[in-house]
Amino acid sequence: MSQPRTIRFDGWVLRMDSGELAKDDRKIRLQDQPLQLLEELLRQPGELVTREQLIARLWPKGVVDFDTGLNSAVRKLRIALQDDVETPRYIETVPRKGYRFIGTIEPTRLPAAY
């Protein structure tokens, strides 16, 4: 049986199967778009993920006003992470280009029996 896919960063635990983000006693279930956004940023830590890449991931069939939608998804994710746009700990904005994950991803641990 496979274990649920989890990503750990700076004390946070993201459970991809349920969309649950947890730290200490705080648990949040992310909506689909902020979850996909976070997953995309975590795939390329420290690297620029362009607005175009994120829009293609979040709206593969296109939408009329994707800029507002992307800004809203980023805002919801920042609220969940208690991250501040002026002094970011996790999501850095690269003006007019995209976003960068700047937190520290913890290495995946193998089961003890491995």
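A: Begin with the labels: strands (E, at least two residues) are DSSP runs, numbered from the N terminus. Under this scheme, phenylalanine 101 is found in strand E7. Keep in mind that the model is predicted.

Q: Which residues does phenylalanine 101 touch, leaving aside those up to four places away in sequence?

A: A contact here means heavy atoms within 4.5 Å. By that test phenylalanine 101 touches Phe9, Leu38, Leu41, Leu42, Pro45, Gly46 and Tyr90. Tyrosine 90 is 11 residues away from phenylalanine 101 along the chain, and their C-alpha atoms are separated by 5.4 Å.

Q: Is phenylalanine 101 buried or exposed?

A: Buried means under 20% relative accessible area. Phenylalanine 101 has a relative accessibility of 1%, so it counts as buried. Phenylalanine 9 is at 0% relative accessible area and is therefore buried.

Q: How many aromatic pairs does the structure hold?

A: Rings count as a pair if their centres lie within 6.5 Å, and planes over 60 degrees apart make the pair edge-to-face. The structure holds two such pairs. One is formed by phenylalanine 9 and tyrosine 90, with 5.9 Å from centre to centre and 75° between the planes, which is edge-to-face. This pair links distant parts of the chain, since phenylalanine 9 lies in strand E1 (residues 6-9) and tyrosine 90 in the loop between H3 and strand E6 (91-94), 81 residues apart. Both phenylalanine 9 and tyrosine 90 are buried.

Q: What are the distance and the angle for the rings of phenylalanine 9 and phenylalanine 101?

A: Their centres are 5.2 Å apart and their planes stand at 90°, so this pair is edge-to-face. Here too distant parts of the chain are linked: phenylalanine 9 is in strand E1 and phenylalanine 101 in strand E7, 92 residues apart. Taken together, ring pairs link Phe9, Tyr90 and Phe101 into a cluster.

Q: Now the helices. What describes two packed helices?

A: Two packed helices are described by the angle between their axes and the distance between the axes. Take helix H1 (residues 32-43) and H3: they pack at an angle of about 80°, with their axes 9 Å apart. Angles of 65 to 115 degrees count as roughly perpendicular. H1 and H3 are therefore roughly perpendicular to each other.

Q: Which residues of H1 and H3 meet?

A: From H1 come Gln33, Pro34, Leu37 and Leu38, and from H3 come Leu70, Ala73, Val74, Lys76 and Leu77. Sorted by type, the residues of this contact are seven nonpolar, one polar and one charged.

Q: How do H2 and H3 cross?

A: The axes of helix H2 (residues 51-58) and helix H3 (residues 66-81) come within 11 Å and cross at roughly 90°. H2 and H3 are therefore roughly perpendicular to each other. On the H2 side the contact is made by Arg51, Leu54, Ile55 and Leu58, and on the H3 side by Phe66, Asp67, Leu70, Asn71 and Ala73. The residues of this contact divide into six nonpolar, one polar and two charged.

Q: What span is expected for H1, and what span does it have?

A: The expected span is 1.5 Å times one less than the number of residues. H1 has 12 residues and reaches 17 Å from its first C-alpha to its last, close to the 16 Å expected. H3 has 16 residues and reaches 22 Å, close to the 22 Å expected.

Q: How many residues of H1 are buried?

A: Nine of its 12 residues are buried, and H1 is mostly covered. Among them are Pro34, Leu35, Leu41 and Leu42. In H3 the buried residues include Gly69, Ser72, Arg78 and Leu81.

Q: Which residues other than glycine have a positive phi?

A: Phi is an angle of the backbone, and aspartate 24 is one of the cases, with phi near 55°. Aspartate 24 is found in the loop between strand E3 (20-23) and strand E4 (26-29). It has a relative accessible area of 75%, so aspartate 24 is exposed. Aspartate 10 also has a positive phi, about 45°, although it is not a glycine. Aspartate 10 is found in the loop between E1 and strand E2 (12-15), and with a relative accessible area of 28% it is partly exposed. Glutamine 82, which follows H3, has a positive phi near 55°.

Notes: Residues are numbered from 1 along each chain as its sequence is written. This is a predicted model: local features need pLDDT of at least 70, side-chain atom pairs count only at pLDDT 80 or more; totals for chains, interfaces and linings use all residues. Side-chain values use heavy atoms; hydrogens and water are left out. Axes are lines fitted to C-alpha atoms, for helices over the stretch in contact, and angles run from 0 to 180 degrees between N-to-C directions. Helices (H or I, at least four residues) and strands (E, at least two) are DSSP runs, numbered from the N terminus. Angles under 35 degrees count as roughly parallel, over 145 as roughly antiparallel, 65 to 115 as roughly perpendicular and the rest as oblique. Ala, Val, Leu, Ile, Met, Phe, Trp, Tyr, Cys and Pro count as nonpolar, Asp, Glu, Lys and Arg as charged, and the others, Gly among them, as polar. Buried means under 20% relative accessible area, exposed over 50%, partly exposed in between (1.4 Å probe, protein chains only). Rings of Phe, Tyr and Trp (its six-membered ring) pair if their centres lie within 6.5 Å; planes under 30 degrees apart count as stacked, over 60 as edge-to-face and the rest as tilted.
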